[in-house]
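The sequence and structure are shown first.

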Amino acid sequence: MIQNHHSIDQLVERLQQLEQVSEALEPSPEKREQYLGQLSHYAHDFIDHLHERISFKKGHPTPGSLAINEEGQSFEQLLATYAQEVEQYGIKPASGGHLGYIPGGGIYASSLGDYLADVTNEYAGIYFGSPGAVTLEEELLHWMKKVFDFPKEAMGNLTSGGSIANLIALTAARDKYKIKSARIPNSVIYLSPQVHHCVTKAIRIIGLEDVQIRYVNLDERFRIDAQHLETLIEADKTAGLNPFLVIASAGTTDTGAVDPLEAIGNIAQKHKLWYHIDGAYGGFFILVDEKKPMFKGVEMADSLVIDPHKSLFLPYGTGAVLIKDKEALMHSNHYTANYMQDTINDTVPISPAEVSPELTKHFRGLRMWLPLQLHGLAPFVACLEEKLVLTSYFRQRLVEEGFQIGPAPDLSVSYFWLPANDLETQNKLNQQLMEAIHEDGSVFLSSTSLDGKFVIRMAILAFRTKQRTIDKAMEMILRAKREL
Ligand SMILES: *Cc1c(COP(=O)(O)O)cnc(C)c1O
């Protein structure tokens, strides 16, 4: 290394050598055009042929094929490797045929937002760094506050997904109620047994593993029984415990159930509990008029999680959290550091970095702002309603073919099974059916167990899922059934 003890001439000579090599990081306009052309070709080919391809393929990359080659390769070669080793195997989340778990999105306009965010590399963590980027993300949060009838003064953050959004919300609840070491063993959290596992994960991460967890009874549609919740809280209070947090779901992952949000909100208010709602899957269905009444009470939440990369069809990497109590939210996340002294100013808005564990972050707001501004809201709402109608359509087709189906779903997750004389035989039969469906892969479905019954789930949320997708799924299911 040449740094000290060398003449200016020697330094200049070395700089020229280094520049020649490092220049590769700034491709020429012609090269950029060439890369973009190749990428664009790849993307069009991918999107235009997606509907012809299967949604799930078993297999894995050739060992070593993705290992880092320090010599560099051609872009064309790398795209071919990507197609062969990455894009080929597993579930195709971008496909309309993804009806398993909770499908993701991947609308095209978001990729343009990401491209712009990456090229300009705006610093979206701190207002001082990019007032525009932070304001743009603030406007998205304002819009979501309006959608969910949260007060304007509520705070929020765009996160990488629902898990981190839940983590931030539960941390705020912990800090609001000062659940520190001495209080942990007698503090109580109320949950549905159907709560998403990222919630119990967050409880452990934030040091609350040793709190008392109460699982509230569910009704026959897997929704929290509000009366039982209140009975539990009262018993715990009588026993001298410290109930401080209740968590409801606006759309559970397993069955899409929306808990009775208003009834739970009233109980939380009466007993002065922090009310958290996880709407990661179902939240944006509030935009569909027919479903709005089901969300009554969502505005009572102290904190709310929504996942634009699920019910707003964005590509993976965008969740959101809204929180009413500013101090509670900032307690664990705000900071001061000597090297940040230029950025602190009481007159500017609160920066994302002060309400999240992240400092430097992806400017993820642009992938949400751009599509909303480009398309307007109407296509998003129509797409959500389309998913609800497709759910009814799929269920009716299944009944016509002799399948049994779960109760009418709150949203777009439902389940079905082939009936048999006894539970054991039935579970075996449906397990075999599930395996045959996965082997086929035209459309991807997943399974779950509800009270010991093995059922096949359908989760309709991908924006590319259309009537023809459901028809294709029916053909596949019948093919699989014939082969049993
Ligand atoms: C998907 C999901 C989560 C987790 O969100 P990620 O974005 O996957 O981190 C939490 N809760 C519910 C209800 C979900 O469906």
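At what angle do helix 2 and helix 3 pack, and how far apart are their axes? The model is predicted, so local features need pLDDT of at least 70 and side-chain atom pairs count only at pLDDT 80 or more, while totals for chains, interfaces and linings use all residues. Residues are numbered from 1 along each chain as its sequence is written, and side-chain values use heavy atoms, with hydrogens and water left out.

**Helix packing**

Helix 2 (residues 29–49) and helix 3 (residues 75–87) pack at about 25°, with axes 10 Å apart. Helices are DSSP runs of H or I with at least four residues, numbered from the N terminus. Axes are lines fitted to C-alpha atoms over the stretch in contact, and angles run from 0 to 180 degrees between N-to-C directions. Helix 2 and helix 3 are therefore roughly parallel (an angle under 35 degrees). Helix 2 passes helix 3 in a right-handed crossing, meaning that the near helix is turned clockwise from the far one by less than a right angle. In contact (heavy atoms within 4.5 Å) are Y35, Q38, L39, Y42 and F46 of helix 2 with F75, E76, L79, Y82, A83 and E87 of helix 3. By class, this contact has eight nonpolar, one polar and two charged residues; Ala, Val, Leu, Ile, Met, Phe, Trp, Tyr, Cys and Pro count as nonpolar, Asp, Glu, Lys and Arg as charged, and the others, Gly among them, as polar.

Helix 6 (residues 162–176) and helix 7 (residues 197–205) pack at about 50°, their axes lying 9 Å apart. G162, S163, N166, L167 and L170 of helix 6 meet C198, V199, A202, I203 and I205 of helix 7. Seven of these contact residues are nonpolar, three are polar and none is charged.

**Ligand surroundings**

The ligand is surrounded by 15 residues (a heavy atom within 4 Å). The closest are G162, S163, D278, D307 and K310. Polar contacts, meaning pairs of N or O atoms within 3.5 Å, are listed below.

| Residue (side-chain atom) | Ligand atom | Distance |
|---|---|---|
| S163 (polar atom) | oxygen | 2.6 Å |
| D278 (N or O atom) | nitrogen | 2.6 Å |
| H309 (N or O atom) | oxygen | 2.7 Å |

Conventions:
Helix = DSSP H or I, 4+ residues; strand = E, 2+ residues; numbered from the N terminus. Parallel < 35°, antiparallel > 145°, perpendicular 65-115°, else oblique. Polar contact = N/O pair within 3.5 Å; in protein donor to acceptor, adjacent residues only side chain to side chain.
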